[in-house]
Amino acid sequence: MRSFRIVAPAQRIPLVEALLRAEGFAFEPEPFAPSICRRLTVEPFALGESLAAFFGYVYIQDRSSMLPPLLLNPPEGAAVLDMCASPGSKTGLLAQLVGQGGFVLGNEPSRDRLETLRQNLRRMNLLQAATCTYSGERLPLAARSWKCIQLDPPCSGWGTVDKNPQVMTLWSPDKVEPLVRLQRELLRTAAELVAPGGRVLYSTCTTNVRENEEQAAWAAQELGLEIRPLDPPAGFSFEPALGGLAGVLRVDQVASGAQGFFLACLEKPGSSGEAGETDESEGSGDERRARLPGSELRPASLGLADVFDWSLLPPGRIYDFGGKVFFLPEQALDLPASLRWQGYLLGKLAGKTLRPQARLRTMLREDGEVMRLDDPAEVRALLSGRSLEGAGHGAYAGLWCQGLPLGVLTRKGRRLLWAGG
């Protein structure tokens, strides 16, 4: 049973569904999140090869894996920390939930996996997310500064045994103690970073009680966090929690047609109005921003007014870092100056003009330099190297199909072509 979520504003979801149907896919809403999550019923070819997937409008994800962000349930406009983020499945869903006015910081401890996280966020055009790479237990963030934290730590993965039979050999019961210790260190850091009244959603894709119920109970007993009972989402079956622990969820993978997952919501006692700590030695927010290594750019200076409507950008600023142009979410600009992080790559500078990355679609104009196509086969022809004649004079044109903005075409003479990967 293959599930996916649609990555688009509410008004464009029907257009994404129409594009999928035009390529032969059929699907139905997932009962736990019918607004954005779908379950395939007909898959004429691999969904990952669809145009909707190529342009970041759908993200294939196990249905259990969607639950942690949905149960953390950050409000629109919130700031969320994802402590172990790659490949970005949950980070991306969190960014959808908080909306363009919110902010998600995705930390990936493994540098080898960091670029996968960044590529997925770029593909989905989630400009409200930023990334960094630190050991999760040593994140240089202010204590009590996050109201919403997602912690999906490294685990033994026993809940994925149907897809990955080797996990039972790699992580046999006598080998999991290092994971248990790491999970506790990560939980300790999360307890320090979460603000009073805030919550940590702890989840794993294992069925091992040492990594699940025993960790949640330890966090309550040793870290002063409280287990906030979770309501079982529709469309899933759940096994009884082990050890008599109340308020947590253990997905029955067979009955649910999904990975085995464990979920616990841990809340820090106190008022949600209590302010988090700040490091006064790092100066005010304006002082921290002034110390950014790049130079701020005004959208008007980047040109491309006939392709992009810059007013469609989320709250934030544009910076040049050595010829690479990044969008920095407004809330990210208040991060500690000691934290090294990266915003959303818009493209590179060619002289003083932006050379945009090909899948950049968030700000595409509906008028101006536009190539509109109705047949998905024409889009596939572009992706395979064919060019189209396009009247106009600019170096770029927005590509649209069936009312959906897809990305940016490059003009060579009187021809338009796809120059992205």
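**Ground rules.** I'm working with a predicted model, where local features need pLDDT of at least 70, side-chain atom pairs count only at pLDDT 80 or more, and totals for chains, interfaces and linings use all residues. Residues are numbered from 1 along each chain as its sequence is written, and side-chain values use heavy atoms, with hydrogens and water left out.

**Sheet.** I started with Ser3 and found that its bridge partner in E3 is Arg39. Strands E1 (residues 3-6) and E3 (residues 37-42) run antiparallel and are joined by three bridges. I take strands as DSSP runs of E, at least two residues, and helices as runs of H or I, at least four, numbered from the N terminus. Two strands pair if DSSP finds at least two bridges between them. What order do the four strands take in the sheet? I read E2-E3-E1-E4, an open sheet with antiparallel pairing. E2 (26-29) and E4 (58-60) each have a single partner strand, so one side of each is left without a neighbour in the sheet.

**Helices on the sheet.** Helix H1 (residues 13-22) packs on the sheet and touches E1, E2, E3 and E4; contact means heavy atoms within 4.5 Å. The direction of H1 makes about 135° with that of E1 (axes are lines fitted to C-alpha atoms, for helices over the stretch in contact; angles run from 0 to 180 degrees between N-to-C directions). Helix H4 (residues 89-98) lies across E1 and E4, at about 35° to E1.

I then checked burial in H1: Ile13, Val16, Glu17, Leu19 and Leu20 are buried (under 20% relative accessible area; exposed is over 50%, partly exposed in between; 1.4 Å probe, protein chains only). They cover an arc of only 160° around the axis, which puts them on the same side of H1. That arc is taken from the directions from the helix axis to the C-beta atoms.

**Rings.** I count 11 aromatic pairs in the structure. Rings of Phe, Tyr and Trp (its six-membered ring) pair if their centres lie within 6.5 Å; planes under 30 degrees apart are stacked, over 60 edge-to-face, the rest tilted. Phe25 and Phe45 have ring centres 4.9 Å apart and planes at 65°, so I log an edge-to-face pair. Phe25 is in the loop between H1 and E2, Phe45 in the loop between E3 and helix H2 (51-54), 20 residues apart. At 3% relative accessibility Phe25 is buried, while Phe45, at 27%, is partly exposed.
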